[in-house]
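Please look at the sequence and the three-dimensional structure shown here, and keep both in view while you read.

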Amino acid sequence: MQLDFTARELTVKLVYYGPALSGKTTNLQAIHKLVHADASGRLMTLETRDDRTLFFDLLPLSFQAGAGLSVRLKLFTVPGQVIHDATRRLVLQGADGVVFVADSQRAETRANQRAFLNMKENLRENGMQPERVPLVIQFNKRDLPDIRTDDEIDALSQKSPEPVYKAIATRGTGVVETFLGLMDRTWLHLEKEHGLEQKFDLEPSRFLKEVRHRLGFTRRGES
Ligand SMILES: Nc1nc2c(ncn2[C@@H]2O[C@H](COP(=O)(O)OP(=O)(O)OP(=O)(O)O)[C@@H](O)[C@H]2O)c(=O)[nH]1
Ligand SMILES: [Mg+2]
């Protein structure tokens, strides 16, 4: 988190991590399409013709919260291909929250596991404690054949300390829910660490409602 007290500007960094082709870039594209135009910056992507991110994608969102505070959310994706490990580590630096986008296809189970371990390793390399970083998990590509069943994912979800979401990012299904889930977790963590409520008179549940409103996610995100 970056905080500019004089300008009353707060920047939060959220990272989409996961194996190659799991749908990280597609999540950002869907958010870009669904978010209120006033709050959205340009989606910057750099990929090859076969949908593989070369460096990273960035979607900046910004809005004015109550109490005269400008909030900037920077959504990044990492490149999932194994060879881009140095880039993944770099993008993770200073992350306030992470979405792990898993591929639901049975054949990708190992790739998910490897990427999950790789994420923990890279957090550690960056001097962050994996268990202290706000994290949510998304099982994407629920529309494909040969995927892990709903029952299997629900069982995983029961065991997992992190919230688990199901998604079809190409249709925008589950994308906003995942993002808002991460936003909630991240904000509550930042509140604990930095006491934002006291500093800015931002009561967390009121602020998180306002995020939904400003981004145009009020109906979908209501829970
Ligand atoms: N059927 C289906 N295809 C999807 C879904 N989400 C993404 N895809 C497709 O999967 C391919 C890879 O998606 P990307 O979003 O580029 O994957 P990525 O995780 O950013 O991949 P890297 O940048 O290489 O790490 C694209 O062709 C997407 O259209 C989904 O929910 N269902
Ligand atoms: Mg990508």
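Is Asp150 buried or exposed? Asp150 is exposed, because 12 other C-beta atoms lie within 10 Å, and the rule is that a residue is buried if 20 or more other C-beta atoms lie within 10 Å of its own, exposed if 12 or fewer, and partly exposed in between, with C-beta atoms placed from the backbone. Asp150 belongs to helix 4, which covers residues 150-159, and its C-alpha atom is 8.8 Å from that of Lys166, a residue 16 places apart from it in sequence.

Before going further, note that this is a predicted model, in which local features need pLDDT of at least 70 and side-chain atom pairs count only at pLDDT 80 or more, while totals for chains, interfaces and linings use all residues. Residues are numbered from 1 along each chain as its sequence is written, and chains are lettered from A and ligands numbered from 1 in the order in which they are written.

Consider now the chain as a whole. The protein chain has eight helices and seven strands, where helices (H or I, at least four residues) and strands (E, at least two) are DSSP runs numbered from the N terminus. Its radius of gyration is 17 Å, close to the 17 Å that the globule rule gives for 223 residues, so the chain is as compact as a globular protein of that length; the radius is taken over C-alpha atoms, and the rule is 2.2 Å times the number of residues to the power 0.38. Along its principal axes the C-alpha trace spans about 50 × 35 × 35 Å, and 39% of the 223 residues count as buried. Two residues are said to be in contact if their C-beta atoms, placed from the backbone, lie within 7 Å, and among the contacts between residues at least 6 apart in sequence, 68% join residues at least 24 apart.

The strands can be followed through their pairings, where two strands pair if DSSP finds at least two bridges between them. Strand 1 (residues 2-4) runs antiparallel to strand 2, to which three bridges join it, and one of the pairs places Asp4 with Glu9. These two strands form a hairpin with four residues between them, and Arg8 in the turn has a positive phi of about 50°. Strand 2 is mostly covered, since seven of its nine residues are buried. Strand 2 also pairs in the parallel sense with strand 4, over eight bridges, and with strand 5 (residues 97-103), over four bridges. Val15 has a partner in each of these two strands, namely Phe76 in strand 4 and Val98 in strand 5. Strand 4 (residues 69-77) is in turn joined by nine bridges to strand 3 (residues 57-65), and this pair runs antiparallel. There Asp57 stands opposite Thr77, and the hairpin that the two strands form has three residues between them, with Ala67 in the turn showing a positive phi of about 65°.

Which residues have the most contacts inside the largest nonpolar core? They are Val15, Tyr16, Ile31, Leu75, Val98 and Phe100, in a core of 52 residues; such a core is a set of buried Ala, Val, Leu, Ile, Met, Phe, Trp, Tyr and Cys residues joined through C-beta atoms within 7 Å. Helix 5 (residues 175-194) gives the largest share of this core, seven residues. Leaving aside neighbours within four places in sequence, Leu75 is in contact with Leu14, Tyr16, Leu28, Ile31, Leu59 and Leu61. In soluble globular proteins, nonpolar side chains tend to be buried together.

Leu21, in the loop between strand 2 and helix 1, has a positive phi near 65° although it is not a glycine, and Leu21 counts as buried because it has 20 C-beta neighbours inside 10 Å. Asp51, in the loop between helix 1 and strand 3, also has a positive phi of about 65°, but Asp51 is exposed, with 12 other C-beta atoms within 10 Å.

Finally, turn to ligand 1. It is surrounded by 22 residues, the closest being Gly23, Thr25, Thr26, Thr53 and Gly80, where a residue is near a molecule if its C-beta atom, placed from the backbone, lies within 6 Å of it. Helix 1 (residues 24-34) provides the largest share of this shell, three residues.
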